[in-house]
Amino acid sequence: MYRREKWNYKRQLCAVAAFSVCSVINVFAQNTNQPRQIQSVKDIFDATWLRQPEAQALESRQQALQAQKRAAAALTPEPAAVELNSKSDQWNRNLGAREEQIAIAVPMWLPGERSKSSALAEAQANALEYQIKANQLRVAGKIREDWWNLHRARIEQEVTADQLTNARRLADDVAKRVKAGDLAQSDQHQAEGAAAVAESAYAMAQANLELAIQIIQSSIGATSFSMLVTCPLWPYQSIGSSPRVQG
């Protein structure tokens with residue numbers, strides 16, 4: 001009876017420990033799966049680069065090149081093969097004749113083939129590295145263009161908003177003076193026309209700002225990034241692991 005209770009107690013402790021470990025792993029997975037907050041141009045580059053087909057296939061291509069390098073450094077171009085043949089006369093005369101043959105095939109490198117294979121693998125690895133750098137520079141250039149378009153649209157939106165406020169304020173002041181008899185009715189029409197033009201410019205600037213935001217959203221695969229519009233214009237920091245983009 002004592003042993004059974006002791007065993008049940010140990011099983012309960014193991015279950016509690018397993019549940020605790022699973023809970024910790026679950027919390028860690030939830031924290032790691034949380035979307036990264038976009039606060040700088042580098043964050044935009046990281047999020048955009050991870051969505052590129054070149055970045056998604058980079059690991060598999062590097063593994064293939066590493067396998068090619070290992071094959072070029074091996075003693076033989078292909079693994080050795082073992083062949084076993086057996087002959088017997090049991091189906092016809094059955095005189096006890098029996099023959100066993102064992103053959104081992106070891107492929108050999110041709111003169112200069114091993115060094116050329118190694119040089120080819122190294123050249124392909126260098127070509128992949130330069131290709132990745134070129135793709136990173138291309139993505140970084142597109143991000144920089146979209147980044148400045150976003151802030152130019154934001155500045156235009158702020159300027160047109162101030163112009164609209166001033167135009168409406170002027171129209172209200174002119175309307176009061178026309179009512180008081182200090183200005184003609186034509187002056188009021190002119191002020192209202194200027195306010196309408198300012199309102200149209202503000203609507204256009206607002207549309208351009210929303211379009212610039214949507215372009216970056218589509219690049220990083222995010223639904224919103226409110227911090228993006230208020231973060232520094234250009235942090236002058238390296239983008240990606242290899243290339244460096246300057247503002």
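Let me begin with a definition: the expected span of a helix is 1.5 Å times one less than its number of residues, where helices (H or I, at least four residues) and strands (E, at least two) are DSSP runs, numbered from the N terminus. What we have here is a predicted model, in which local features need pLDDT of at least 70, side-chain atom pairs count only at pLDDT 80 or more, and totals for chains, interfaces and linings use all residues. Residues are numbered from 1 along each chain as its sequence is written, and side-chain values use heavy atoms, leaving out hydrogens and water.

The chain has 7 helices and 2 strands, arranged along the sequence as α-α-α-α-β-β-α-α-α.

Now to helix H6, residues 185–220: its 36 residues should span 52 Å at 1.5 Å a residue, and because its end C-alpha atoms lie 53 Å apart, the two values agree. After H6 comes Gly221, with a positive phi near 75 degrees.

Which residues have the most contacts inside the largest nonpolar core? A nonpolar core is a set of buried Ala, Val, Leu, Ile, Met, Phe, Trp, Tyr and Cys residues joined through side-chain atoms within 4.5 Å, and in the largest, of 20 residues, they are Ile44, Phe45, Trp49 and Ile143. Helices H2 (41–50), H4 (58–73), H5 (113–180) and H6 each give two or more residues to this core, and H5 gives the most, with 9 residues. A second, separate core has 8 residues, including Leu164, Ala171, Ala195 and Ala198.

Conventions. Buried < 20%, exposed > 50% of the residue type's maximum accessible area, 1.4 Å probe, protein only.
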